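Trainee: I have a new chain open on my screen. Can we go through it together?

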Amino acid sequence: MMDANQLRSTFTGFYAARGHTVVPSASLIPHDPTVLFTIAGMVPFKPYFTGEETPPWRRATSVQKCFRTPDLDIIGTTERHCTFFEMLGNFSFGDYFKSDAIPLAWELWTDVLGIDPDRLWVTVHESDDEAKQIWLDAAGFPEQRIQALGDDNFWQMGDGGTGPCGPSSELFFDRGPTHGDEGGPAHGGADRFVEIYNLVFMQYNRLSDGTLEDLPGKSIDTGAGLERNLPMLQGVESLFETDVFRPILAVAEDITQVRYGADPHSDVSLRILADHARAMAMVVADGVMPSNEGRGYVLRRVIRRAVRRAFQLGVVEDLTPRLVSAVADVLGGTYPVLVTELDRISETVEREEGAFRRTVDSGSQILEEALHDGTGRVSGEAAFRLHDTHGFPIELTMEMAAEAGVEVDTEGFEREMTAQREMARADARRRRQALGDETVYRELLTESGPTRFTGYEHDEEPARVVAVLAGAQPGTAEIVLDQTPFYAESGGQVGDTGVITTESGRARVLDTQTVLPGLIVHRAIVEDGELFPLQDALAIIDAGRRNATRRHHTGTHLLHSALRAVLGDHVRQQGSLVAPDRLRFDFSHPKALRPEELTEVSQAANADVLSDASVEVTETSKAEAEALGALAFFDDKYGERVRVVRAGAHSLEFCGGTHVDALGMIGPITVVSEGSIGSNVRRIEAVTGPTSLALLGESRRTVDEAARLLKVEPGGVLDALQKVLDRQRQAEKELQRMQGARLQEEAARLAQLAEDGVVVHRQDGVSPDQLRDLAQAIRRHGARVVVVAGSPDGSKVGVAVASGDGSIDAGSTVKELAQLVGGGGGGSAEVAVAGGSDAAKIDALLAEARRRLGA
């Protein structure tokens, strides 16, 4: 008998030996926004099929975790359906096609797995004569057991879903006449003819309008349900009797004290318990939390469906923790997260089970009374009391009322809800005005506990609204959630932005802050409707902004390690800013970086980027992190458990921020500036990714334009500029020579006009330094005392005084005269210069000089 582990390894080993890369299972939460869960083995590979991304391998094989919900209501009523399942698959990305895929499938199922060929049937699409002929020729399959079908043999993602698709060929196992009629898969029924392998010939991409376009290359996508194949390989009648289900079913029997096989009705409930146990454990393990929408709603429905079935079998104590523990025992070897995260998984499902039990227990009696009070109607007040006091969802009230033939006053319910919301808003305003922000925050932290941050793993998260406080500005609010993917500003990294939605409103988050240790506040504008405490919410960060911030954060780590490598280990972080559009890093260093040092730092950081090394994040003890050589900086405080980020070969730091997964995702790092911000502290600013590319592009355009103006090639710009500068310096020297000659002529003229050796003169249009040179030149031409003043630009004032015989002190004189024009200055006893700001008083200054000097 082949167990599940042997089937997994046999399948992947068969294809690995034939050039396929074994790819680990992706998460049940797909990156593809068109599907809620990973519903097939090909979902993680969809970008390779569409040509959006280049596959790292031409052939791959995997055992992929999958989750499907369209058949949720029939789970348990059959022995072949399950919500969570494992899909064995082999894939060709433009490498091989039908002529290879079909013989490989035949070899695997008959020669390797040992399935009796006489019990196999094949279906092909009615238009695919090629596939049929390959089965006949390459596999030697008998034509009478090949059936051509229609839509059942055309695979696509979901019901009418968009994306890669194509005709398929399916392999069926005949369970024998005791399970149904003759006639093959087309006529004999699914209980007898069980699909065990599906080969999809990916040829098309279905667009949103339903049209088909050819894919860039023909590819292969196959899927074989592990659970569907195990009964055939283990010689049992049902997947619930295989080694991946029977131990879980045994725990369900023990919990309910009902034996499987004793009664068809209870068998359905036991199968639901076993199936839903696997489903809830795997979905929670991958990060989904119960909520009222999206994946969280599906999880909530699965948990509550299992609890309701157990209740019908007489179970009154919590059962979900025991069920998920059984799942960990069975599947934990293949999926270790079930073991390592068992406490979290158990707490999640137990909390949801408890909430559901309390809801039903507390509200059932009140609802029963309302249903049988003789009015034939559940009042809005009663429905609201069930909702507000007992957490009874209005949908559940309406469902149970409908079963009893009673209607619900939904309009009255909405009126009660509106009144409650107004009271909540008024109370929040009163509390904040009376107590102040910090007191309110401390009360929230005491009452509701710390906010759980989930943003390392998720960009969106179902949550419960803990509080909605009035913001500092009209129209703003501070929203507190029980858990959030929003990163609160810390360690230099700015807080996330995004949206929070509930069934009644939508808020745009402008900033996220930790207002007290453990309490995260989302500062937001309520754009639509209103948000209220205790509502289920969906928190979604601006992923594009977060990704840009992540690039800059990891880029900061690389620059830090590069600075230490180039300048020395004395370099220590003194502060930082990590934003989506730039990074700023302050570090200890006693002097400015030389151009060659800055170039070396930039090259070292970008060399790390080009290595595309993975970024590894671990949590460990502070002592262990320090022993590893991780760097901790400036005033950061760390607990006993710390988060350590290894960014490539050269950077290892304590860090609680968000980072890229691989260094290549940073893109080019461009240093924008480097300078001093204080004694022995320097600041380097840089940009990464698209911002860096835009800056480099702008620089290139500037060089190209300079080349055009200089009429040279871009590579010759520097030489051409040097020639222009040389010519400019020569012209400036010639101008200075000419100005000097003119000054000497003017000085000689003014010296001849001296009265008793004193010259007092106004000279506009020259700088204070030129006034000084003129005064000294006049003195050299025989003047005893010289005072010249003027305005270089019509508003400012320049004054120069020169003394040749010591009769006055030039420094004291210019200082006193400058006060008349709103200025000051000084110099030696022989020559001094001053400035002023009131050009209208220049003539008054010169008059005062003449009076003092008797000229």
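This is a predicted model: local features need pLDDT of at least 70, side-chain atom pairs count only at pLDDT 80 or more; totals for chains, interfaces and linings use all residues.

Trainee: How many helices and strands in the chain?

Mentor: The secondary structure comes to 24 helices and 31 strands. The radius of gyration is 40 Å, well over the 29 Å that the globule rule gives for 855 residues, so the chain is more spread out than a compact globule.

Trainee: What box do the C-alpha atoms fill?

Mentor: Roughly 140 × 75 × 55 Å, taken along the principal axes.

Trainee: And how much of the chain counts as buried?

Mentor: Of the 855 residues, 49% count as buried. As for contacts between residues at least 6 apart in sequence, 66% of them join residues at least 24 apart.

Trainee: On to helices. At what angle do α1 and α3 pack?

Mentor: About 135 degrees, with the axes 11 Å apart. That angle makes α1 oblique to α3. The crossing of the two is right-handed.

Trainee: Which residues make the contact?

Mentor: From α1 there are T10, F11, F14 and Y15, and from α3 there are L104, A105, E107, L108, W109 and V112. By class, the contact of α1 with α3 divides into eight nonpolar residues, one polar and one charged.

Trainee: How do α8 and α9 pack?

Mentor: Helix α8, residues 264-285, and helix α9, residues 294-312, pack at about 150 degrees with their axes 9 Å apart. Their crossing is left-handed.

Trainee: Which residues of α8 and α9 make that contact?

Mentor: On the α8 side they include V268, I272, L273, H276 and M280. On the α9 side, L299, V302, I303 and R305 are among them. The contact of α8 with α9 has 12 nonpolar, three polar and two charged residues.

Trainee: Is R305 buried or exposed?

Mentor: R305 is buried, at a relative accessible area of 8%. The residue lies in helix α9.

Trainee: What is R305 in contact with, leaving aside neighbours within four places in sequence?

Mentor: With that exclusion, R305 is in contact with L72, D73, I75, I272 and H276. I272 and H276 are also among the α8 residues that make the contact with α9.

Trainee: One more pair. What about α21 and α22?

Mentor: Helix α21 covers residues 717-752 and helix α22 covers 768-780. They pack at about 50 degrees, with their axes 8 Å apart. The two are therefore oblique to each other, and the crossing is right-handed.

Trainee: Which residues meet there?

Mentor: Q739, L743, Q744, E746, A747, L750 and A751 in α21 meet Q770, D773, L774, A777, I778 and R780 in α22. Sorted by class, the contact of α21 with α22 has seven nonpolar, three polar and three charged residues.

Trainee: Different topic. Where is D756?

Mentor: D756 lies in the loop between α21 and β27. Its phi is positive, about 60 degrees, although D756 is not a glycine.

Trainee: Is D756 buried or exposed?

Mentor: D756 counts as exposed, at 68% relative accessibility.

Trainee: What is the phi of L534?

Mentor: It is positive, about 75 degrees, and L534 is not a glycine either. L534 is found in the loop between β18 and β19. At 63% relative accessibility, L534 counts as exposed.

Trainee: Last stop. Where is A370 found?

Mentor: In helix α12, residues 342-371. A370 is buried, with a relative accessible area of 10%. Leaving aside neighbours within four places in sequence, A370 is in contact with R377 and V378.

Trainee: How far apart are A370 and A401?

Mentor: They are 31 residues apart in sequence and 9.2 Å apart in space, C-alpha to C-alpha.

Trainee: And where does G376 lie?

Mentor: G376 lies in the loop between α12 and β10. It is partly exposed, with a relative accessible area of 39%. Setting aside neighbours within four places in sequence, G376 is in contact with V406 and E407. G376 and F173 are 203 residues apart in sequence and 55 Å apart in space, C-alpha to C-alpha.

Notes. Residues are numbered from 1 along each chain as its sequence is written. Side-chain values use heavy atoms; hydrogens and water are left out. Axes are lines fitted to C-alpha atoms, for helices over the stretch in contact, and angles run from 0 to 180 degrees between N-to-C directions. Helices (H or I, at least four residues) and strands (E, at least two) are DSSP runs, numbered from the N terminus. Angles under 35 degrees count as roughly parallel, over 145 as roughly antiparallel, 65 to 115 as roughly perpendicular and the rest as oblique. A crossing is left-handed if the near helix is turned anticlockwise from the far one by less than a right angle, and right-handed if clockwise. Contact means heavy atoms within 4.5 Å. Ala, Val, Leu, Ile, Met, Phe, Trp, Tyr, Cys and Pro count as nonpolar, Asp, Glu, Lys and Arg as charged, and the others, Gly among them, as polar. The radius of gyration is taken over C-alpha atoms; the globule rule is 2.2 Å times the number of residues to the power 0.38. Buried means under 20% relative accessible area, exposed over 50%, partly exposed in between (1.4 Å probe, protein chains only).
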